[in-house]
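This briefing sets out selected structural features of the protein shown below.

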Amino acid sequence: MKKLLILPAILFLAFISSAFVVSEGQNGIVMQFSKVKRDSDNNPVVYGPGLHFKVPFIDSIRIMDTRIQTLDDQPDRFVTSEKKDLIIDSYVKWQIDDLAVYYLSTGGNKIQAEALLKRKINNGLRNEIGSHTIKDIVSGKRGEVMETALKRMARSSELGIKVIDVRIKKINLPDGVSNSIYKRMRAERQAVAREHRSEGQEKSEVIRANIDRKVSIMLAQANKESAEIRGRGDAESSKIYSKSFSKDPDFYAFLRSMQAYQKSFADKQDVMVLSPDSDFFKFMGSKQ
């Protein structure tokens, strides 16, 4: 009876030790006698997600995460072609490309893999940044620098890792470099501002001169029209006066003399020395 129970137990233990599950987003490779098990084409035997079986007590499974990973470490100091320091904060998107090479080079340890990858990426970035100026890196050539660095790292597969993307998040300058660059930028902006102000002043003078010229022409035209209208009015007034006073010349002479008396004696302090029989007083004498 005991022998009958032992056989199923052995079979159950063999099943349990041979079955394994690979989760979604993971892949597994088989290690046989501490070596990567390979197929007839000398390719590593790789198991995708699902339930699989192995030879118990001989094969061992190394399961690794094959999803896209993000390496985002502390910012590093880089030197440009101008021998200026830059503090660059970047990140890398990477993924396991060759499970066997990845396992043999990193032991399947993600921390070890990222340490090796970071060293390799930093070397690539140093080569690229060292061949460009600060202006190139900060301006539109930043994408070109990252693209070149990505191509260099993508060609290398000694870690079994595929670098998907390399991006710069932030670029900072050391305090000394920042101050000198800010001063230079401020001086350049001030020079541009002075140039713009000078151009604006020149345009302002031109506009003001044109407006003054137009105003002078308008005033001259208005004065001309005003003089013409005033002349026509005076001529019409003289014509009316002439017609009116021609009807009674004596009354006209008397009225003009009264107006002259009024203007002459407007100020009580005025003194006039005239002969009593002067024509000026002809309407003030007594009629005999």
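The points that follow cover helices, salt bridges, a strand contact and a surface patch. The model is predicted.

**Helix H2**

- Helix H2 comprises residues 99-106, and its buried residues are Leu99, Ala100, Tyr102, Tyr103 and Thr106.
- These residues span an arc of only 165° around the axis, and they therefore lie on the same side of H2.
- The N-terminal end of H2 is capped by Asp98, which places a side-chain oxygen 3.1 Å from the backbone nitrogen of Ala100.
- Gly107 follows H2 and has a positive phi, near 70°.

**Helix H3**

- Helix H3 covers residues 110-129, a run of 20 residues.
- From first C-alpha to last, H3 reaches 27 Å, close to the 28 Å expected at 1.5 Å a residue.
- Asn109 provides the cap at the N-terminal end of H3, with a side-chain oxygen 2.9 Å from the backbone nitrogen of Ile111.

- Asp76 and Lys118 form a salt bridge in which the closest N and O atoms are 3.0 Å apart.
- Because Asp76 belongs to strand S8 (residues 76-79) and Lys118 to helix H3, this pair ties together parts that are 42 residues apart in sequence.
- Both partners, Asp76 and Lys118, are buried.

- Glu205 and Arg208 are joined by a salt bridge, with 3.3 Å between the closest N and O atoms.
- Both residues lie in helix H6 (residues 175-245), where three residues, about one turn of the helix, separate them.
- Glu205 has a relative accessibility of 40% and so counts as partly exposed.
- Arg208, at 41% relative accessibility, is likewise classed as partly exposed.

**Other salt bridges and a strand contact**

- Asp65 pairs with Arg67 in a salt bridge whose closest N and O atoms are 2.7 Å apart.
- With a relative accessibility of 25%, Asp65 is partly exposed.
- Asp65 also lies 4.5 Å from Gln26, C-alpha to C-alpha, although the two are 39 residues apart in sequence.
- Gln26 is located in strand S2 (residues 26-32), and its relative accessible area of 26% makes Gln26 partly exposed.
- Asp72, Asp89 and Lys169 are connected through a network of salt bridges.

Methods: Residues numbered from 1 in each chain as written. Predicted model: local features only at pLDDT ≥ 70, side-chain atom pairs only at ≥ 80, totals over all residues. Heavy atoms only, no water. Buried < 20%, exposed > 50% of the residue type's maximum accessible area, 1.4 Å probe, protein only. Helix = DSSP H or I, 4+ residues; strand = E, 2+ residues; numbered from the N terminus. Arc of directions from axis to C-beta. Polar contact = N/O pair within 3.5 Å; in protein donor to acceptor, adjacent residues only side chain to side chain. Expected span 1.5 Å × (residues − 1). Salt bridge = Lys/Arg side-chain N within 4 Å of Asp/Glu carboxyl O.
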